[in-house]
Amino acid sequence: MKIRVMTYNIAGGRCFEVAEKQQVKPEACSAVIAEYVPDICGLNEVDFHLPRSGRIDLAADIGKIVGMKSVFARAVTWGEGDYGNGFLSRLPIIGYEDIIVPDPTDKSEPTYYETRCILRLTVDFGGREADVIVTHFGLAKTERDESIKILTSLIDGRTRPLILMGDFNIEPDDPQLAPIYQRLHDTFAVYPEKFKRTYPSRNDLPRLSDVCRERGLKIDYIFVSDEFKVDKVTIPETIASDHVPYIADVEL
């Protein structure tokens with residue numbers, strides 16, 4: 001069965017048409033998803049009933065626009081609303097669980113810390129069940145260590161084909177990713193170029209590092225298990241979010 005997989009950090013539904021002033025505009029990232037017609041789509045930075053985005057259920061609202069079933073997984077509660085990962089699917093979702101990643105005890109790195117979650121689903125791919133994992137790594141190394149511990153355990157214990165996707169917040173040559181590369185295949189291997197940024201979507205965003213501004217970062221991924229053949233990878237240029245979507249056409 002041929003499957004189109006998309007991972008997309010949607011920045012809380014904010015649109016980046018104007019670099020210095022973002023507006024909550026879910027229809028912008030929805031239009032990108034609708035254009036590329038994925039069978040399944042992992043979402044990062046998803047708001048749920050947060051005042052800043054108008055108290056909407058962002059995953060559900062995007063799902064309605066693009067005609068896909070939706071799931072929201074809470075990572076953290078901020079006041080009256082939640083924030084985390086999401087998932088959209090044209091295929092039957094058999095079940096799912098929201099796994100909270102423990103906060104690290106070591107928070108000495110001078111960066112922003114935030115509780116993360118891993119959304120694990122079972123999806124029916126044309127009569128064959130497969131596991132799909134949506135993750136969003138932290139900015140701190142110790143946060144990422146906690147996510148990788150859980151992910152390697154899930155991968156090692158799998159009994160079905162597996163797709164892992166999300167914003168990992170590190171580049172491919174980072175040693176932290178070695179345990180993932182040892183277990184799964186990076187779909188980017190079929191891309192015709194050696195490098196393609198997935199963040200930022202435009203280089204004039206405020207507060208970018210020099211590296212981000214000059215060349216960008218490749219930090220969004222789709223990994224697959226041995227059961228999948230990777231046919232094609234597409235990384236569209238769009239400013240509907242501060243990330244661009246990453247798309248892999250695979251066959252199970």
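**Charges, sheet and helix**

The count comes to 20 salt bridges, a salt bridge being a side-chain nitrogen of Lys or Arg within 4 Å of a carboxyl oxygen of Asp or Glu. This is a predicted model: local features need pLDDT of at least 70, side-chain atom pairs count only at pLDDT 80 or more, and totals for chains, interfaces and linings use all residues. Residues are numbered from 1 along each chain as its sequence is written, and side-chain values use heavy atoms, with hydrogens and water left out.

Begin with Glu80 and Arg55. Their side chains meet in a salt bridge, 2.5 Å from N to O. The pair links distant parts of the chain, 25 residues apart: Glu80 sits in the loop between β5 (69-78) and β6 (81-89), Arg55 in the loop between β4 (40-48) and α2 (58-66). Helices (H or I, at least four residues) and strands (E, at least two) are DSSP runs, numbered from the N terminus. Glu80 is exposed, at 60% relative accessible area. Arg55 is partly exposed, at 43%. Here buried means under 20% relative accessible area, exposed over 50%, and partly exposed in between (1.4 Å probe, protein chains only).

Next, Glu97 and Arg120 form a salt bridge at 3.1 Å, N to O. Glu97 is in strand β7 and Arg120 in strand β8, 23 residues apart. Both belong to a network of salt bridges that also links Glu129, Asp131 and Arg160.

Now the sheet. Six strands form an open, mixed sheet in the order β7-β8-β9-β10-β12-β11. β7 (93-101) and β11 (185-186) are at the edges with a single partner strand each, so one side of each has no neighbour in the sheet. Two strands pair if DSSP finds at least two bridges between them. β8 (116-125) and β9 (128-136) pair antiparallel over eight bridges.

Helix α3 lies across β7, β8, β9 and β10 (162-167), at about 145° to β7. Axes are lines fitted to C-alpha atoms, for helices over the stretch in contact (heavy atoms within 4.5 Å). Angles run from 0 to 180 degrees between N-to-C directions.

Which charged residue of α3 deserves a look? Arg144 lies in this helix, residues 141-156. Arg144 is buried yet has no salt bridge; Asp174, the nearest side chain of opposite charge, is 4.7 Å away. Lys and Arg count as positive, Asp and Glu as negative; His and the chain ends are not counted. A polar atom of the Arg144 side chain lies 3.4 Å from the backbone oxygen of Gly138.

Terms used. A polar contact is a pair of N or O atoms within 3.5 Å; within protein, one must be able to donate a hydrogen and the other to accept it, and residues adjacent in sequence count only if both atoms are side-chain atoms.
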